[in-house]
Amino acid sequence: MSMIGEYLRVTAAELARAIQDPDWALVFVEEVQDAEEESDLAPAEARHFSTYKTWDMLRFLMARTDFPVNVIHGEEPFAEEDWGYGPPRYLRPERVQLAAEALRTTNYAQLISGVDPAELTSAEVYPLGWKTGSLEWGRPWYDGLTQFFEAAARADDAMIVWLD
């Protein structure tokens with residue numbers, strides 16, 4: 001079984017409802033995922049986005065740059081129920097905007113500059129088995145995450161974040 005980083009853009013009203021009713025939030029997430037599953041939406045057009053298995057690699061790389069927002073795990077808990085690998089968390093719209101700016105101004109080449117894949121292996125970054133050249137694997141997901149957050153920031157959306 002894989003661990004996948006998951007994101008859902010939500011309006012302020014949807015976030016308020018999710019905080020008040022986490023069971024509703026889980027049903028809503030599943031509805032959006034199902035609705036978008038067959039579509040081929042660009043990250044900027046989608047409400048749901050996944051960083052696939054790159055979530056931990058991106059966490060490791062962002063931590064090296066003192067990234068100002070925890071975009072990998074979210075920042076504020078709102079449910080106790082496990083959504084796969086722990087409970088979901090969220091980012092308020094102002095934190096989404098800060099994250100979008102940081103993502104936009106930190107390109108992927110900057111993130112991986114000077115990183116030896118052996119560092120990821122030593123740090124037991126998921127998934128294991130890092131080798132020379134494997135850092136490029138995360139580029140499309142980082143770029144997609146950047147586009148996703150930029151679109152959310154333009155819409156003044158919040159973000160629900162979880163590992164599934």
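Predicted model: local features only at pLDDT ≥ 70, side-chain atom pairs only at ≥ 80, totals over all residues.
Let us begin with Met159 and its surroundings. Leaving aside neighbours within four places in sequence, Met159 is in contact (heavy atoms within 4.5 Å) with Tyr7, Leu8, Arg9, Val10, Arg89, Tyr90, Leu91, Val96, Phe148, Phe149 and Ala152.

Residues are numbered from 1 along each chain as its sequence is written, and side-chain values use heavy atoms, with hydrogens and water left out.

Met159 also belongs to the largest nonpolar core, which has 36 residues. A nonpolar core is a set of buried Ala, Val, Leu, Ile, Met, Phe, Trp, Tyr and Cys residues joined through side-chain atoms within 4.5 Å. Buried means under 20% relative accessible area, exposed over 50%, and partly exposed in between, with a 1.4 Å probe and protein chains only. Among the residues with the most contacts inside this core are Tyr7, Phe149 and Met159. A second, separate core of 17 residues includes Val10, Leu15, Phe28 and Val32.

Where does Arg17 lie? Arg17 is found in helix α1, residues 12-20; helices are DSSP runs (H or I, at least four residues), as are strands (E, at least two), numbered from the N terminus. Arg17 counts as partly exposed because its relative accessibility is 45%. Between the C-alpha atoms of Arg17 and Val115, which are 98 residues apart along the chain, the separation is 41 Å.
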